[in-house]
Structures are given as C-alpha cells and as structure tokens.
Amino acid sequence: MREKLVAGNWKMHGSLSENKALLDAIIPQLADLSRASCAVCVPFPYLFQAQAALQSGNISLGAQNMSQHEKGAFTGEVSASMLLDFGCKYVIVGHSERRALYGEDDATVAAKFVAAQKAGLTPILCVGETLEEREANITEQVVARQLDAVLAVAGVAGLAKSIVAYEPVWAIGTGKTASPEQAQAVHAFIRGKISAASAEIAAGLVIQYGGSVKAANAAQLFSMPDIDGGLIGGAALSADEFVAICRAAQQG
Ligand code: PEP
C-alpha cells in the first residue's frame, strides 16, 4: 500500500515569530503519525529555523523552488545542494505560481526535477490545468504534456523517486476544491499514463492532490483510491487545520 504524504506549502508567508508558533503547535501533535508522512515547505530564509525546530518530531522539511543549475553566476538563485545543507528532503518544482508568474516552462521544470534528484532531493512535481483548459476539455492533454516533459529527461525511473502533485490551477487559493470524483479522475489518468511505461512504478507513485484542501474536505479526497495525500497551501498556515488534514491522511 502506498504511504500518504501531506506537505504544507507556506508560500511567501511567515516570520520568525509566526513560524515558531506554528511549528511549536504542529510538531508535538503530529509526533505519533505512522501511516502518513508530513512535510512543511518553507520560504528559503526560514529553512534554518525550521530545520532546527524539526529535529524533534517526524515532520520533514522541504523548499518551494530551486535552481536547475548546480552553482555559478545565477544571482538570487538557490541550488539543490544548498537545500540539502539545511536538511531538506523535498522540493516543489513546477508549482503553477512559478509557471504563471515566473515564466517557468515545461523544460525548465523538467531540468529542475532532474537537478533535484541528482542532488538527492525528492521533487514534488506539480501539474495541473487552468480553468480555461478544463473548460476546453484539454485537462488530460495539459497534464500529459507536463508529465511528458519530465519523462523525456528523467525517464520513467525518475518518477520512481518523486512525488507528483495534481493541482488544478482553478482550485489553488480560490476556495474551489475539485470534487473527489474530479480529482480522482485526473489522478487515475496520471497513474494510467505512467503505468503504460512501468506498471510497478505507477503502482508505487505517490500522487498528491492540491487545491483548497481543508480539514473539512481532506478525508473525502484522501479516501479516493488514487489520491495519496495533499499539497496544502492556505490551510497549512493554521496549526489546527494542518494537523487535522495530516490526521485525515493517517486514517485514509
Ligand atoms: C498550493 O499552494 O499548492 C495550494 C494548493 O494552495 P491552496 O491549498 O491554498 O489552494
């Protein structure tokens, strides 16, 4: 059986004092999780703070982005090895905000995916369609194109050491969650597509759902057969919400 993973994406939120309060609240409450894993993906300046706090407990650390380059004249960028220095296990690549606001195309996302794995990080690869694309009935085409870009450079074996997050762009930060059936359909499509290359890798692939997951809808989403936890934005900033979502993954 696949493990469920819940990862909080704090986005560009937080301060030293707010983070301390949040981490102090969630770490002890999640100390007994065994059937699900939890992670927090924090802004770069707070990696050190989070790494120190997460020494106790069983929550993993992740980052929200990284450079595809190993080192060099890339002002303002952060490399995979720097993330490893701060104890990161995960890094989100291809979040829709990076794709839409910072011009990250499929090839760039794929290069980041490969660079993350090469360094020893587990990439959380975000894929998903916009509202216009859903309404044009091209959701599967869009998700397939985003996956194909990664498959072309990492191969299906690359996906064995990664997490995929299906995040319909229209559901992110909007309060509009995909219904469990809508999400399940795309998750099944993703697993089926990977299965065509390797049934074994597809069966073991953790596919998270992201898009306005809250304590109130997490259990239903996580009960679907191909939904293996969630990538959580807004609700990850509330200790009560995040803990309840992680608990729902533990039950599901
Ligand atoms: C996200 O940032 O990846 C996300 C899913 O955000 P939210 O949960 O707020 O929709």
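**Strands, then the ligand**

Mentor: C41 has G62 in β3 as its bridge partner. Strands here are DSSP runs (E, at least two residues), helices are DSSP runs too (H or I, at least four), and both are numbered from the N terminus.

Trainee: How many bridges join β2 and β3, and in which sense do they pair?

Mentor: β2 (residues 36-41) and β3 (residues 59-63) are parallel, with four bridges; a pair needs at least two DSSP bridges. This is a predicted model, where local features need pLDDT of at least 70, side-chain atom pairs need 80 or more, and totals for chains, interfaces and linings use all residues. Residues are numbered from 1 along each chain as its sequence is written, and side-chain values use heavy atoms, leaving out hydrogens and water.

Trainee: What do the eight strands close into?

Mentor: They form a barrel with parallel pairing, in the order β1-β2-β3-β4-β5-β6-β7-β8. From one strand to the next, the twist averages 30°, with angles taken from 0 to 180 degrees between N-to-C directions of axes fitted to C-alpha atoms, for helices over the stretch in contact.

Trainee: Switching to the ligand, which residues come nearest?

Mentor: Of the 14 around it, those are K11, E167, G173, S212 and G234; to count as near, a residue needs a heavy atom within 4 Å.

Trainee: And how far is the side chain of H95 from the ligand?

Mentor: One of its N or O atoms is 2.8 Å from a ligand oxygen. The backbone of G233 also has an N or O atom 2.8 Å from an oxygen of the ligand.

Terms used
A polar contact is a pair of N or O atoms within 3.5 Å; within protein, one must be able to donate a hydrogen and the other to accept it, and residues adjacent in sequence count only if both atoms are side-chain atoms.
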